[in-house]
Amino acid sequence: MKSEDYSQGDAFQAEKRTIFSTETLPLCAEGQLARPGDFVSVTVGGWSVFAVCDKEGAVRVLRNACRHQNMQVVGVPSGNCETFRCRFHGWTYDLQGRFLAAPPPVAPKDPQATDLHLAALAVTVVCGLVFFSLGDPPALPELDGAPAAYGGTLATDIACNWKVCVEHLLAEHSPTADFTWTWPLLTVRRAAAMTIVEQVVPHTFLRTRLFTHVFGAAADEHRPAAATIKQACEHLQADRVSGAAAADRMLVADFHRRLAEAYARDRATT
Ligand code: FES
């Protein structure tokens with residue numbers, strides 16, 4: 001990796017076109033969507049999406065782009081609601097993303113047209129985690145076994161490029177029964193009856209959100225560990241920008257190899 005891959009938007013755009021527009025990506029824990037109307041909104045590699053539990057209890061993933069003028073419908077990271085009302089001009093959608101109504105001055109000519117609904121994305125739930133894909137229906141992520149009872153999710157905002165965060169999570173580990181990495185954004189660590197899932201959310205090229213999903217224990221117990229990850233990643237970001245490379249350990253090397261393949265694909269098609 002070159003230092004600019006960690007600090008400039010060009011690499012992020014290449015990643016948006018290749019990795020984030022085609023891969024199966026984690027969005028949140030199923031436990032964050034326990035009740036009808038619960039939603040979680042994220043921007044993953046420049047793509048704004050949200051997951052919602054509909055009235056029948058099914059998990060849906062929708063593009064967070066209003067059909068009126070393409071603005072973000074959901075403007076907060078999470079919450080509970082009965083309908084989604086776009087904050088810009090008031091178009092309203094139900095929990096399945098279907099268009100319901102709009103104020104007369106901005107109402108569509110044909111309110112029955114199907115292209116007024118929010119775009120629904122392919123979704124799958126595996127081991128208590130919600131995955132989506134912008135492309136074909138998501139390939140099932142390889143995750144072993146059902147985790148223990150969901151204990152909560154911590155959200156930590158980190159001033160670093162997402163790749164720094166993945167490298168940090170992988171640096172001290174090799175793949176074992178107790179530690180797995182699911183390309184590109186997810187690590188799972190098991191310790192006795194507890195499972196800790198770290199989900200990297202590449203918000204912008206210099207802003208990353210880390211979801212720490214805890215199973216088998218209370219999430220709050222992991223706040224100090226999440227704060228330590230934040231501090232370490234923000235230091236490492238400065239190192240990468242100054243040209244210091246990540247240690248070439250086994251999983252990090254594999255991560256870099258897959259990134260290089262994605263950049264090569266992007267160069268071949270743009
Ligand atoms: S952009 Fe959503 S109502 Fe206008």
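Author: We may begin with one aromatic cluster, which is formed by Phe20, Trp162, Trp181, Trp183 and Phe255. Please keep in mind that the model is predicted.

Reader: How many aromatic pairs does the structure hold?

Author: A pair of aromatic rings is described by the distance of the centres and the angle of the planes. Counted in this way, the aromatic pairs in the structure number eleven.

Reader: What kind of aromatic pair do Phe39 and Phe84 form?

Author: The ring centres of Phe39 and Phe84 are 5.5 Å apart, and the planes stand at 75°. Planes over 60 degrees apart count as edge-to-face. The pair of Phe39 and Phe84 is therefore edge-to-face.

Reader: How many residues apart in sequence are the parts that this pair ties together?

Author: Both Phe39 and Phe84 are buried. Phe39 belongs to strand 2 (residues 38-44) and Phe84 to strand 6 (residues 84-85). The pair therefore ties together parts whose separation in sequence is 45 residues.

Reader: Which elements hold Trp181 and Phe255?

Author: Trp181 and Phe255 form an edge-to-face aromatic pair, with 5.9 Å between centres and 85° between planes. The pair links distant parts of the chain, 74 residues apart. Trp181 and Phe255 are both buried. Trp181 lies in strand 12, and Phe255 lies in helix 5 (residues 250-269).

Reader: Which strands stand at the edges of the open sheet?

Author: Five strands form this open sheet in the order 11-15-14-13-12, with antiparallel pairing. Each edge strand has a single partner strand, so one side of each is left without a neighbour in the sheet. The edge strands are strand 11 (150-158) and strand 12 (179-182).

Reader: How many bridges join strand 11 to strand 15?

Author: Strand 11 and strand 15 run antiparallel. The number of bridges joining strand 11 to strand 15 is eight.

Reader: How many residues lie between strand 14 and strand 15 in their hairpin?

Author: Strand 14 and strand 15 pair in the antiparallel sense over nine bridges. Val201 stands opposite Arg209 in strand 15. Between the two strands of the hairpin, the number of residues is two.

Reader: Is strand 15 largely enclosed or largely open?

Author: Buried means under 20% relative accessible area. Of the nine residues of strand 15, eight are buried, so the rest of the structure leaves this strand largely enclosed.

Reader: At about what angle does helix 3 run to strand 14?

Author: Helix 3 (residues 162-171) lies across strand 11, strand 12, strand 13, strand 14 (194-204) and strand 15 (207-215). Its angle to strand 14 is about 160°.

Reader: How is helix 3 oriented to helix 5?

Author: The axes of helix 3 and helix 5 come within 8 Å and cross at roughly 150°. Angles over 145 degrees count as roughly antiparallel. Helix 3 is therefore, relative to helix 5, roughly antiparallel.

Reader: Which residues of helix 5 make the contact with helix 3?

Author: On the side of helix 3, the contact is made by Trp162, Lys163, Val166, Glu167, Leu170 and Ala171. On the side of helix 5, the residues are Leu251, Val252, Phe255, His256, Leu259 and Tyr263.

Note on methods:
Residues are numbered from 1 along each chain as its sequence is written. This is a predicted model: local features need pLDDT of at least 70, side-chain atom pairs count only at pLDDT 80 or more; totals for chains, interfaces and linings use all residues. Side-chain values use heavy atoms; hydrogens and water are left out. Two strands pair if DSSP finds at least two bridges between them. Helices (H or I, at least four residues) and strands (E, at least two) are DSSP runs, numbered from the N terminus. Contact means heavy atoms within 4.5 Å. Axes are lines fitted to C-alpha atoms, for helices over the stretch in contact, and angles run from 0 to 180 degrees between N-to-C directions. Buried means under 20% relative accessible area, exposed over 50%, partly exposed in between (1.4 Å probe, protein chains only). Rings of Phe, Tyr and Trp (its six-membered ring) pair if their centres lie within 6.5 Å; planes under 30 degrees apart count as stacked, over 60 as edge-to-face and the rest as tilted. Angles under 35 degrees count as roughly parallel, over 145 as roughly antiparallel, 65 to 115 as roughly perpendicular and the rest as oblique.
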